[in-house]
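Open the model in your viewer and keep the selection tool at hand. The stops below say what to select next and what is there.

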Amino acid sequence: MHSKPKNNIDQDVLRQDALINECKGNLFEYLVGLRLSQLAHIEQDFHQNLDSRLKKQLKEYESMLRKIGPDILGKLMEFSKQTTQQIFPRIKENIVGVSIVGKMENLRIKEEFKEADLLVATHSGIIPISLKLSKSGAFVNTKSAGAKSFIEKYFSYFQDAGFYQKELNQLIERNYYHMGQTLYQMIGLDFKGEFDESWLEEGYSELPGQLPLEMKKIVQKNYQQTISHIYAILEKMSHEREPFARSLLNLIGLGHPDMLQVICFNKKINNGESYELESIYIGDCAEKMQEVGHFEMMPFNPQISSLEIRFPGFQLQIRIKPMNKFTTPSYKINCSVHYGVKHAKS
């Protein structure tokens with residue numbers, strides 16, 4: 001019997017972790033929404049407004065987590081209770097409605113309220129809440145965007161944003177072509193502008209993590225060159241500090257002026273058998289604007305495919321990645337934040 005390749009085992013572990021995190025994240029959103037509705041004495045309305053498909057999914061998530069470890073559900077309930085106790089005083093008016101955004105099909109609402117997971121209605125308006133459940137000390141994802149619209153979409157305060165975007169897109173196409181040529185030459189084939197069936201017929205993967213080391217280096221170099229160009233564009237823009245800082249609010253997860261950003265940090269204890277709450281971070285645009293104005297572009301490291309912008313109390317990392325397969329000239333840009341002191345690797 002053949003043993004399973006290590007890459008496949010790694011992928012299986014990653015998929016399992018992603019599924020567990022999806023279950024935990026969705027149930028956490030529901031539990032915080034539920035507890036807010038209980039504190040506002042509108043629990044019945046909250047349940048009536050839950051989509052039937054979402055209710056079914058939540059039951060599936062709960063069932064899945066029970067099989068993995070019953071302690072997880074108990075901890076989620078504990079974390080959601082403590083998180084809600086900190087959110088509730090931040091909402092200065094009576095709550096008249098709580099809804100979960102995640103599974104809504106209304107694209108207009110999703111676009112208007114950006115990265116919101118819950119919408120809290122008061123008599124004077126809607127307060128969007130972004131909820132994250134994160135490992136202590138981890139980078140927390142705040143934004144994911146396509147590289148070919150990133151500058152134009154998120155740096156729209158700048159008149160030259162369209163020009164910079166066009167320049168970046170041309171570079172992406174050139175780098176992609178050069179990468180394809182190099183990889184095809186390594187296997188003795190001609191590159192005709194795209195990765196065709198011949199690449200797969202030769203037994204090579206479309207996932208960068210499953211390539212031989214030398215090929216992986218070529219793909220990585222492509223990302224490094226692209227992020228290097230993005231760094232150069234942002235560095236130019238950063239000289240206009242006020243519009244640049246306003247643009248950064250979007251990237252750190254505060255794309256709506258009334259957004260409450262809530263991150264519940266937890267850590268594993270008892271040799272990974274259980275969890276405990278470490279801290280709860282809550283911020284809004286007004287508070288964050290004070291910090292983002294003091295941004296600092298960190299020196300660029302050409303050996304990695306990310307860049308970093310530092311603020312007084314946290315860091316923003318901007319990383320370029322393939323959408324899924326590296327064989328298409330379309331990349332995503334992941335933004336994530338890290339709170340507290342990040343120690344340099346020795």
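The structure holds 23 aromatic pairs; rings of Phe, Tyr and Trp (its six-membered ring) pair if their centres lie within 6.5 Å, with planes under 30 degrees apart counted as stacked, over 60 as edge-to-face and the rest as tilted. This is a predicted model, in which local features need pLDDT of at least 70 and side-chain atom pairs count only at pLDDT 80 or more, while totals for chains, interfaces and linings use all residues. Residues are numbered from 1 along each chain as its sequence is written, and side-chain values use heavy atoms, with hydrogens and water left out.

Select Tyr 176 and Phe 191. Their ring centres are 6.2 Å apart and the planes stand at 70°, so this pair is edge-to-face. Tyr 176 belongs to helix α7 (residues 161-186), whereas Phe 191 is in the loop between α7 and α8 (197-201), 15 residues away. Helices (H or I, at least four residues) and strands (E, at least two) are DSSP runs, numbered from the N terminus. Both Tyr 176 and Phe 191 are buried; buried means under 20% relative accessible area, exposed over 50% and partly exposed in between, with a 1.4 Å probe and protein chains only.

Next, select helix α3 (residues 52-68). Its 17 residues should span 24 Å at 1.5 Å a residue, and the end C-alpha atoms are 25 Å apart, which agrees; the expected span is 1.5 Å times one less than the number of residues. Which residues of α3 are buried? They are Leu 54, Leu 58, Tyr 61 and Leu 65. On the face turned away from the buried side are the exposed residues Ser 52, Arg 53, Lys 56, Lys 59 and Lys 67.

Move on to the open sheet of five strands, in the order β4-β10-β9-β8-β7 with antiparallel pairing. Two strands pair if DSSP finds at least two bridges between them. At the edges are β4 (140-146) and β7 (296-297), each pairing on one side only. Nine bridges join β9 (residues 314-322) to β10 (residues 331-339), and these two run antiparallel. Finally, select Gln 315, which stands opposite His 338 in β10.
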